[in-house]
Protein chains: 2
Amino acid sequence: MDKSCINVGILGWGTVGTGVSKILVNQNNLISKNNNIQLNLKKVVKRTLPATREGIDLPTDCLSTDPNEVVDDPEIDIVVELIGGVTDAYSLIKRSIQNGKHIVTANKALLAEHGSDLFQLAQKNSVSLNFEASTAGGIPIIKTLQESFTANQIQSVCGIVNGTCNYILTEMSEADVEYTDVLSDAQEKGYAEADPTMDVEGIDAAQKLTLLIALAYGVNVPVDQFHVEGITEISQTEIQYAKELGYVIKLLAIAKLTDDNRVEARVHPTLLPERSLLANVGGPFNAVCVIGSAVGPTLFYGQGAGEMPTASAVVADIIDAAKSIQSGVSSPISQAWLDKSHTEMSVCAIEDIVTRYYLRFVVIDRPGVLASIGSILGNCNISIASVIQKEPHCTETVSLMMLTHKAREKDMQAALKQIYTLEVVKGDAKLIRIEEEVAF
Amino acid sequence: MDKSCINVGILGWGTVGTGVSKILVNQNNLISKNNNIQLNLKKVVKRTLPATREGIDLPTDCLSTDPNEVVDDPEIDIVVELIGGVTDAYSLIKRSIQNGKHIVTANKALLAEHGSDLFQLAQKNSVSLNFEASTAGGIPIIKTLQESFTANQIQSVCGIVNGTCNYILTEMSEADVEYTDVLSDAQEKGYAEADPTMDVEGIDAAQKLTLLIALAYGVNVPVDQFHVEGITEISQTEIQYAKELGYVIKLLAIAKLTDDNRVEARVHPTLLPERSLLANVGGPFNAVCVIGSAVGPTLFYGQGAGEMPTASAVVADIIDAAKSIQSGVSSPISQAWLDKSHTEMSVCAIEDIVTRYYLRFVVIDRPGVLASIGSILGNCNISIASVIQKEPHCTETVSLMMLTHKAREKDMQAALKQIYTLEVVKGDAKLIRIEEEVAF
């Protein structure tokens, strides 16, 4: 089918939808010149109307409150789903695919939950389902994994994929403020939502990791099947101790291929060496590190959210879909996901991972405490790399901070259980895993 | 044409050719699983035979010394040119295109010189001409500019694109050694060639910049039409002064869109703030920073050379070409270059650029010297931001180092001409431009 003009319908006119409409209308010439295609924004659906947006003028008949005017319009070739949430988005995309429309979505929650179904349906209906904007916003990490690194066995994918957490941790590290104060500030500035749970508890990062793992390893690992830990427990004390030791704390989403061919998957705060590139990714920015068998270490940095960066990725996907339509060949984008989705690769449980640890115990300032803790760790095969204990100020307890050499998580948990039975140890230890090899 | 198996011929079995053959043979299953295509390495051409390579076993009849066995073999679908140089590569690629073969090349010198011709010929013959490996090795910067950022007006592209220079500058900065010593060491380690001219004089970086500019702005700017300056004049003195001021010296290839819609193009050593990501790209690594109108600031990091990283990019290009062949649609890769190649955008001469400068004068230690220099600079509209002059050791001359605010290059050159007439100033100043906005 060689169509002279490709019609686009957008579901959702929020932040990203507005950005997409701006690019499609205001940069129409640039797109057409660069790609030899003509895109026409035919319909934008918004829950309530009338509505206006600064920087973009849409004719009244281009706006509608009825999603069926996009989903069922035979003239619309590409449906761009930007309403978010799972239930409505799922049914609208399914119907659109059944109506032969190509899909572009930024909805990581939807794909993390229903990715396999949707890709199979898209393949059956010979349409493309593009989702670059779902992970790391404007950074083309999806295309890179699917196309540029397709001849690589991916050894690890690891990154800062939640801008809210990175903004909060950067502010905590640069200004001497506590988590709750930075969170309010982030909410005021629009870097955090009114209900920040999805971000600060690591769930958003985990959904993105699910997509990255599907692409890199062809396994579908639902978010509830791996270790997810947010940043709400990170305090200035840890930030400052980490700094003193030459580390920076970042929330990382981590996937690794293990030596026995399993996939390690986890999201948690991580100590990174302060001189590493990833440790220097500040503010609301995202960065993803990929190590490929041939390409070696790579890093991709950019804005992971926001109106225009996300819209940049959505429009690139629209253009890819439009090229598919013009050539009559459905985009290869969903192919990798589908073809690999039947691998036998299993997920490595958190107990089996091997990593270095930062530990901080609050202990009673009494002789022999370090010996007791050290002896339990040693008996559990955990070797201490360095220790800091400072003079106590005015309380009877002190912080005892240590970095370990590489140890197995199972051994660490067993050791902690024993350590907590010591009378001199007050409360649970702060435990933060250290990553040095997957971040550079 | 739905071919069940795509035949590939490689011209050149040097470092990269060897890597490509390894991936095509040893990772054949991975490629086929990820992309649903079957690649067959039919012929590898090498100037002299017999030859063997560690890590790859090719049947004897797969090797030949005759390029015509690739170029004229009707069964070969994709020709991979990895012989380097311009003359032979140009004629072999032309003939291959005329024979209907898709082309993959890593030859930046060839494309910088004959890119337009070859892309037009490829378009005329409906074949793709892919060249991801020509710039920044394993980093997918070509695809990113052509596809992922296609809805962006590119505001700047700027990067470390020569691994040899970056290795030398990193070593100079970390160990206190001079340029010539590091160069010998780099040659021993294989990071620099026996004749390092193309690398250390900035020509290799300039050829890559030509390609990046063609992609970002659709203008063909031959290497001899912009300012190119290598690293041979960088000494420990500059490295150390820069460090003291919080900067790192890197060889950058820089392209910017100016306010009056011209393209600024230049390659030269540059002072970067030490905390910036680009300043922390060490050793033989490459990194490219792109600022797009929608996506904002982005950075792409990886190995810019070497057997397997470059081969990773070449094989990704082969797979893209194979998909084009299977779908019967020639790859859109060359489209952007062609479509934009007739823009009226002109190149901004070096005299017109506006930037900050690092200057070091060797002056006679006498009252009034700073005033004389300062007054000339002031009269030429150049404002001084900071000055360092240290106590002299045992000679009668001292180094007077200054950073300027933003100034026009034309004014700077005029000022220097006047300053050089001062009797107290000995020899030419060391001038290094400072970049802060295009690198992050």
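Start by selecting strand β12 of chain A, residues 296-303, together with β12(B): the two run antiparallel and are joined by 3 bridges. Strands here are DSSP runs of E with at least two residues, and helices are runs of H or I with at least four, numbered from the N terminus; two strands pair if DSSP finds at least two bridges between them.

A word on what is on screen: this is a predicted model, in which local features need pLDDT of at least 70, side-chain atom pairs count only at pLDDT 80 or more, and totals for chains, interfaces and linings use all residues. Residues are numbered from 1 along each chain as its sequence is written, and chains are lettered from A in the order in which they are written.

Next, pick A:F300, which stands opposite B:F300 in β12(B).

Now show both chains whole.

Then colour the contact: 50 residues come from chain B and 50 residues from chain A, a contact being C-beta atoms, placed from the backbone, within 7 Å. On chain B, α2 (28-35), α6 (141-148), β12 (296-303), α12 (307-327) and α13 (333-340) each supply at least two residues to the side touching chain A. Select α12(B) here, as it gives the most, with 10 residues.

Finally, 100% of the interface residues of chain B are also interface residues in chain A, so the copies meet through the same surface.

Conventions:
Contact = placed C-beta atoms within 7 Å.
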